[in-house]
Amino acid sequence: MEQITNDWERAVAFHGHSCPGLAIGYRAAKIALRELAAGRAGDEELVAIVETDACGVDAIQVLTGCTLGKGNLLYRDYGKHVFTIGDRKTGAAVRVALKSGAWQEDENYRNLRERVFNGQATPAEKELFDRYQEQRLQFILDAPEEEIFKTEHVKLAMPAKARLFNSVTCAYCGELVAEVRARVKEGRYACIPCAENYSRGWGVK
(Lines give C-alpha, C1' and ligand atoms only; values in the text may rest on other atoms or scores of the structure.)
Protein backbone atom coordinates (compact mmCIF):
# COMPACT_ATOMS: atom_id res chain seq x y z
CA MET A 1 0.00 0.00 0.00
CA GLU A 2 1.34 3.44 -0.94
CA GLN A 3 2.34 5.49 2.09
CA ILE A 4 0.30 8.64 2.63
CA THR A 5 2.79 11.42 3.21
CA ASN A 6 0.82 14.61 3.81
CA ASP A 7 -2.16 15.82 5.81
CA TRP A 8 -4.38 16.54 2.82
CA GLU A 9 -3.91 13.03 1.44
CA ARG A 10 -4.66 11.56 4.87
CA ALA A 11 -7.85 13.61 5.12
CA VAL A 12 -8.96 12.53 1.62
CA ALA A 13 -8.21 8.88 2.37
CA PHE A 14 -10.24 9.03 5.58
CA HIS A 15 -13.17 10.89 4.00
CA GLY A 16 -13.19 8.80 0.83
CA HIS A 17 -12.89 11.58 -1.74
CA SER A 18 -11.76 15.18 -2.14
CA CYS A 19 -14.38 17.94 -2.09
CA PRO A 20 -14.77 21.62 -1.17
CA GLY A 21 -16.32 20.78 2.19
CA LEU A 22 -13.35 18.65 3.20
CA ALA A 23 -11.03 21.47 2.14
CA ILE A 24 -12.82 23.87 4.49
CA GLY A 25 -12.16 21.65 7.49
CA TYR A 26 -8.60 21.02 6.36
CA ARG A 27 -7.74 24.71 6.13
CA ALA A 28 -9.53 25.44 9.42
CA ALA A 29 -7.63 22.69 11.24
CA LYS A 30 -4.30 23.90 9.84
CA ILE A 31 -5.01 27.44 10.99
CA ALA A 32 -6.12 26.39 14.48
CA LEU A 33 -3.12 24.11 15.06
CA ARG A 34 -0.75 26.84 13.90
CA GLU A 35 -2.34 29.45 16.15
CA LEU A 36 -2.24 27.08 19.13
CA ALA A 37 1.30 25.90 18.32
CA ALA A 38 -0.10 22.40 18.85
CA GLY A 39 0.25 19.04 17.19
CA ARG A 40 -2.24 16.24 16.66
CA ALA A 41 -3.78 15.02 19.91
CA GLY A 42 -2.95 11.46 20.84
CA ASP A 43 -5.53 11.48 23.62
CA GLU A 44 -7.67 14.38 24.84
CA GLU A 45 -5.03 17.12 24.87
CA LEU A 46 -7.12 19.09 22.38
CA VAL A 47 -10.87 19.66 22.21
CA ALA A 48 -12.79 20.47 19.02
CA ILE A 49 -16.25 21.99 18.93
CA VAL A 50 -17.76 21.79 15.46
CA GLU A 51 -20.93 23.59 14.40
CA THR A 52 -21.70 21.44 11.37
CA ASP A 53 -21.90 17.76 10.51
CA ALA A 54 -20.60 18.39 6.98
CA CYS A 55 -17.52 16.99 5.24
CA GLY A 56 -15.03 19.32 6.91
CA VAL A 57 -15.46 17.58 10.25
CA ASP A 58 -13.59 14.57 8.88
CA ALA A 59 -10.55 16.74 8.21
CA ILE A 60 -10.80 18.18 11.71
CA GLN A 61 -10.69 14.66 13.14
CA VAL A 62 -7.72 13.57 11.03
CA LEU A 63 -5.56 16.66 11.59
CA THR A 64 -6.36 17.51 15.22
CA GLY A 65 -6.91 14.01 16.60
CA CYS A 66 -10.20 15.15 18.12
CA THR A 67 -12.70 12.35 17.51
CA LEU A 68 -16.16 11.33 18.57
CA GLY A 69 -14.85 8.07 19.97
CA LYS A 70 -12.33 9.77 22.26
CA GLY A 71 -14.94 12.23 23.46
CA ASN A 72 -12.99 15.35 22.52
CA LEU A 73 -15.06 16.15 19.42
CA LEU A 74 -18.26 17.96 20.38
CA TYR A 75 -21.00 18.61 17.83
CA ARG A 76 -23.29 21.64 17.94
CA ASP A 77 -26.10 21.44 15.39
CA TYR A 78 -25.89 25.06 14.19
CA GLY A 79 -25.35 24.43 10.48
CA LYS A 80 -22.30 26.73 10.34
CA HIS A 81 -18.78 26.08 9.06
CA VAL A 82 -17.29 27.09 12.40
CA PHE A 83 -14.63 25.14 14.26
CA THR A 84 -13.30 25.95 17.73
CA ILE A 85 -10.18 24.11 18.86
CA GLY A 86 -8.98 24.34 22.45
CA ASP A 87 -5.75 23.19 24.14
CA ARG A 88 -6.29 21.77 27.62
CA LYS A 89 -2.63 22.26 28.55
CA THR A 90 -2.44 25.98 27.86
CA GLY A 91 -6.12 26.91 28.09
CA ALA A 92 -5.90 28.66 24.72
CA ALA A 93 -8.62 28.29 22.11
CA VAL A 94 -9.06 29.40 18.51
CA ARG A 95 -12.34 29.85 16.62
CA VAL A 96 -12.15 29.56 12.82
CA ALA A 97 -15.26 30.55 10.84
CA LEU A 98 -15.88 30.45 7.11
CA LYS A 99 -16.69 33.95 5.86
CA SER A 100 -20.01 34.47 4.14
CA GLY A 101 -18.33 35.93 1.06
CA ALA A 102 -15.87 33.08 0.62
CA TRP A 103 -17.62 32.22 -2.63
CA GLN A 104 -20.86 33.02 -4.38
CA GLU A 105 -23.34 30.29 -5.32
CA ASP A 106 -25.40 31.49 -8.24
CA GLU A 107 -28.77 30.03 -9.16
CA ASN A 108 -27.32 28.00 -12.04
CA TYR A 109 -24.89 26.25 -9.71
CA ARG A 110 -27.58 25.50 -7.14
CA ASN A 111 -29.89 24.08 -9.79
CA LEU A 112 -27.08 21.96 -11.21
CA ARG A 113 -26.14 20.65 -7.75
CA GLU A 114 -29.76 19.70 -7.08
CA ARG A 115 -29.99 17.78 -10.36
CA VAL A 116 -26.76 15.91 -9.60
CA PHE A 117 -27.79 15.00 -6.06
CA ASN A 118 -31.27 13.93 -7.20
CA GLY A 119 -29.83 11.66 -9.88
CA GLN A 120 -31.42 13.71 -12.68
CA ALA A 121 -28.25 15.18 -14.19
CA THR A 122 -27.06 14.24 -17.66
CA PRO A 123 -23.45 13.06 -18.15
CA ALA A 124 -22.58 16.52 -19.46
CA GLU A 125 -24.13 18.16 -16.40
CA LYS A 126 -22.23 15.84 -14.07
CA GLU A 127 -18.99 16.72 -15.83
CA LEU A 128 -19.77 20.43 -15.52
CA PHE A 129 -20.57 20.04 -11.83
CA ASP A 130 -17.31 18.18 -11.25
CA ARG A 131 -15.43 21.07 -12.87
CA TYR A 132 -17.24 23.56 -10.63
CA GLN A 133 -16.38 21.50 -7.58
CA GLU A 134 -12.72 21.23 -8.54
CA GLN A 135 -12.52 24.99 -9.04
CA ARG A 136 -14.06 25.60 -5.63
CA LEU A 137 -11.79 23.01 -4.02
CA GLN A 138 -8.66 24.64 -5.42
CA PHE A 139 -9.87 28.09 -4.41
CA ILE A 140 -10.37 26.97 -0.80
CA LEU A 141 -6.99 25.25 -0.66
CA ASP A 142 -5.05 28.12 -2.27
CA ALA A 143 -6.79 31.37 -1.31
CA PRO A 144 -5.22 33.61 1.34
CA GLU A 145 -6.82 32.52 4.60
CA GLU A 146 -7.99 36.02 5.50
CA GLU A 147 -10.18 36.01 2.37
CA ILE A 148 -12.15 32.97 3.40
CA PHE A 149 -11.83 32.62 7.17
CA LYS A 150 -12.30 34.73 10.25
CA THR A 151 -9.89 33.56 12.93
CA GLU A 152 -9.98 34.71 16.54
CA HIS A 153 -8.59 33.60 19.87
CA VAL A 154 -11.46 33.02 22.28
CA LYS A 155 -12.07 32.02 25.86
CA LEU A 156 -13.34 28.47 26.08
CA ALA A 157 -14.63 26.69 29.15
CA MET A 158 -13.02 23.33 28.52
CA PRO A 159 -15.55 20.52 28.74
CA ALA A 160 -14.91 17.70 31.16
CA LYS A 161 -12.93 14.78 29.83
CA ALA A 162 -14.86 11.81 28.55
CA ARG A 163 -16.10 9.42 31.23
CA LEU A 164 -16.59 5.68 31.23
CA PHE A 165 -19.95 4.41 32.46
CA ASN A 166 -21.18 1.04 33.62
CA SER A 167 -23.48 -0.82 31.26
CA VAL A 168 -26.82 -2.39 32.04
CA THR A 169 -28.95 -4.73 29.96
CA CYS A 170 -32.17 -3.48 28.44
CA ALA A 171 -34.94 -5.75 29.70
CA TYR A 172 -36.79 -5.46 26.38
CA CYS A 173 -34.22 -5.95 23.62
CA GLY A 174 -31.46 -7.55 25.65
CA GLU A 175 -28.78 -5.15 24.40
CA LEU A 176 -26.24 -3.36 26.57
CA VAL A 177 -26.78 0.34 27.22
CA ALA A 178 -24.68 2.84 29.17
CA GLU A 179 -26.25 3.20 32.59
CA VAL A 180 -26.34 6.99 32.27
CA ARG A 181 -28.51 6.68 29.12
CA ALA A 182 -30.85 3.97 30.41
CA ARG A 183 -34.48 4.64 31.24
CA VAL A 184 -36.80 2.81 33.62
CA LYS A 185 -39.93 1.26 32.17
CA GLU A 186 -42.29 -0.79 34.28
CA GLY A 187 -39.60 -0.96 36.94
CA ARG A 188 -36.93 -2.37 34.62
CA TYR A 189 -34.04 -0.90 32.69
CA ALA A 190 -34.86 0.08 29.12
CA CYS A 191 -32.74 1.59 26.37
CA ILE A 192 -34.05 4.80 24.81
CA PRO A 193 -35.56 3.14 21.68
CA CYS A 194 -37.43 0.64 23.86
CA ALA A 195 -38.60 3.20 26.41
CA GLU A 196 -41.50 4.43 24.23
CA ASN A 197 -41.53 8.06 25.29
CA TYR A 198 -44.73 9.38 26.86
CA SER A 199 -45.09 13.07 26.11
CA ARG A 200 -48.67 13.85 24.98
CA GLY A 201 -47.16 16.15 22.40
CA TRP A 202 -44.98 18.20 24.75
CA GLY A 203 -41.76 16.94 23.17
CA VAL A 204 -40.29 15.44 26.35
CA LYS A 205 -37.39 13.13 25.65
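# Reading a predicted model: core, cysteines and salt bridges

Modeller: In this predicted model, the largest nonpolar core has 34 residues, and those with the most contacts inside it are Ile-60, Leu-63, Phe-83, Val-96 and Phe-149.

Biologist: Which residues does Phe-83 touch, if residues up to four places away in sequence are not counted?

Modeller: With those left out, Phe-83 touches Ile-24, Gly-25, Ala-28, Ile-49, Val-50, Thr-52, Val-57, Ile-60, Val-94, Arg-95 and Val-96. There is also a second, separate core of 7 residues, which includes Cys-170, Val-177, Ala-190 and Cys-194.

Biologist: You mentioned cysteines, and I would like to know how to read them: how many disulfides does the structure hold?

Modeller: The general idea is that a disulfide is a pair of cysteine sulfur atoms within 2.5 Å, and the structure holds 0 of them. Cys-19 is in no disulfide, for the nearest cysteine sulfur, that of Cys-55, is 3.8 Å away. Cys-19 counts as buried, at 10% relative accessibility.

Biologist: How should I read a salt bridge, and how many does the structure hold?

Modeller: The general idea is to look for a side-chain nitrogen of Lys or Arg within 4 Å of a carboxyl oxygen of Asp or Glu; the structure holds 8 such salt bridges. In one of them, Asp-7 pairs with Lys-30, and the closest N and O atoms are 2.7 Å apart. This pair links distant parts of the chain, since Asp-7 lies in helix H1 (residues 7-15) and Lys-30 in helix H2 (residues 20-36), 23 residues apart. Asp-7 is partly exposed at 24% relative accessibility, and Lys-30 is partly exposed at 35%. Asp-7, Arg-10 and Lys-30 are linked in a network of salt bridges.

Biologist: Which residue forms a salt bridge with Arg-34, and where do the two lie in the chain?

Modeller: The partner of Arg-34 is Glu-145, with the closest N and O atoms 2.8 Å apart. Glu-145 belongs to helix H6 (residues 145-148) and Arg-34 to helix H2, so the pair links distant parts of the chain, 111 residues apart. Glu-145 is partly exposed at 21% relative accessibility, and Arg-34 is also partly exposed, with a relative accessible area of 46%.

Biologist: In the salt bridge between Glu-152 and Arg-95, is Arg-95 buried or exposed?

Modeller: Arg-95 counts as buried, at 18% relative accessibility, whereas Glu-152 is partly exposed, with a relative accessible area of 31%. Their side chains meet at 3.6 Å, N to O. Glu-152 is in strand S5 (residues 149-153) and Arg-95 is in strand S4 (residues 93-98), 57 residues apart, and this pair links distant parts of the chain.

Notes: Residues numbered from 1 in each chain as written. Predicted model: local features only at pLDDT ≥ 70, side-chain atom pairs only at ≥ 80, totals over all residues. Heavy atoms only, no water. Buried < 20%, exposed > 50% of the residue type's maximum accessible area, 1.4 Å probe, protein only. Helix = DSSP H or I, 4+ residues; strand = E, 2+ residues; numbered from the N terminus. Core = buried A, V, L, I, M, F, W, Y, C linked by side-chain atoms within 4.5 Å. Contact = heavy atoms within 4.5 Å.
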